Amino acid sequence: MPNTDKIYIYENKKEEYHLIAVPDQHWSCLIKYEEGSVAAREKLVQSLEQRLNKEEAGLLADKIGQWITEM
């Protein structure tokens with residue numbers, strides 16, 4: 001799994017979205033609340049696969065999904 005020491009999650013409650021960034025991978029993604037957990041995970045995996053292998057992308061998408069659900 002990729003190094004997850006530097007993952008940043010910004011939540012904008014007023015506009016209802018999360019902005020997730022992994023600077024070491026030169027990657028970021030915006031997830032709107034309305035997308036729901038399944039659609040959000042798919043979006044994260046598809047986007048992360050541009051920078052990571054399929055397994056790493058899936059694992060990181062699961063972690064990010066868990067974190068934004070807990071916020």
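1. L44 touches I20, W27, C29, I31, A61 and I64, when residues up to four places away in sequence are not counted; contact here means heavy atoms within 4.5 Å. This is a predicted model, in which local features need pLDDT of at least 70 and side-chain atom pairs count only at pLDDT 80 or more, while totals for chains, interfaces and linings use all residues. Residues are numbered from 1 along each chain as its sequence is written, and side-chain values use heavy atoms, with hydrogens and water left out.

2. L44 also belongs to the largest nonpolar core, which has 16 residues, and those that touch the most other members are I20, W27, I31, L44, L48, L60 and I64. A nonpolar core is a set of buried Ala, Val, Leu, Ile, Met, Phe, Trp, Tyr and Cys residues joined through side-chain atoms within 4.5 Å, where buried means under 20% relative accessible area, exposed means over 50%, and partly exposed lies in between (1.4 Å probe, protein chains only). Strand 2 (17-22), strand 3, helix 1 and helix 2 each give two or more residues to this core, and helix 2 gives the most, with five residues. Helices (H or I, at least four residues) and strands (E, at least two) are DSSP runs, numbered from the N terminus. In soluble globular proteins, nonpolar side chains tend to be buried together.

3. E16 is partly exposed, with a relative accessible area of 45%.

4. Strand 2 and strand 3 are also antiparallel, and six bridges join them; Y17 stands opposite K32 in strand 3. This hairpin has four residues between its strands, and H26 in the turn has a positive phi of about 50 degrees. H26 is exposed, with a relative accessible area of 66%.

5. M71 lies in the segment after helix 2 and is partly exposed, with a relative accessible area of 46%. Leaving aside neighbours within four places in sequence, M71 is in contact with I9, E11 and H18. M71 and I9 are 62 residues apart in sequence and 9.6 Å apart in space, C-alpha to C-alpha.

6. The largest pocket holds about 200 Å³ of space. A pocket is an open set of points on a 1 Å grid over the protein atoms alone, where a 1.4 Å probe fits, with protein on both sides within 12 Å along at least five of seven lines, and lining residues have an atom within 4 Å of a point. Of the 14 lining residues, G36, S37, A40, I68 and T69 are the closest to the centre of the pocket, and strand 3 (27-32), helix 1 (36-48) and helix 2 (54-70) are the elements that give two or more residues to the lining.

Key
Grid points are joined across faces, edges and corners, and a volume is the space filled by probe spheres set on the points. Two strands pair if DSSP finds at least two bridges between them.
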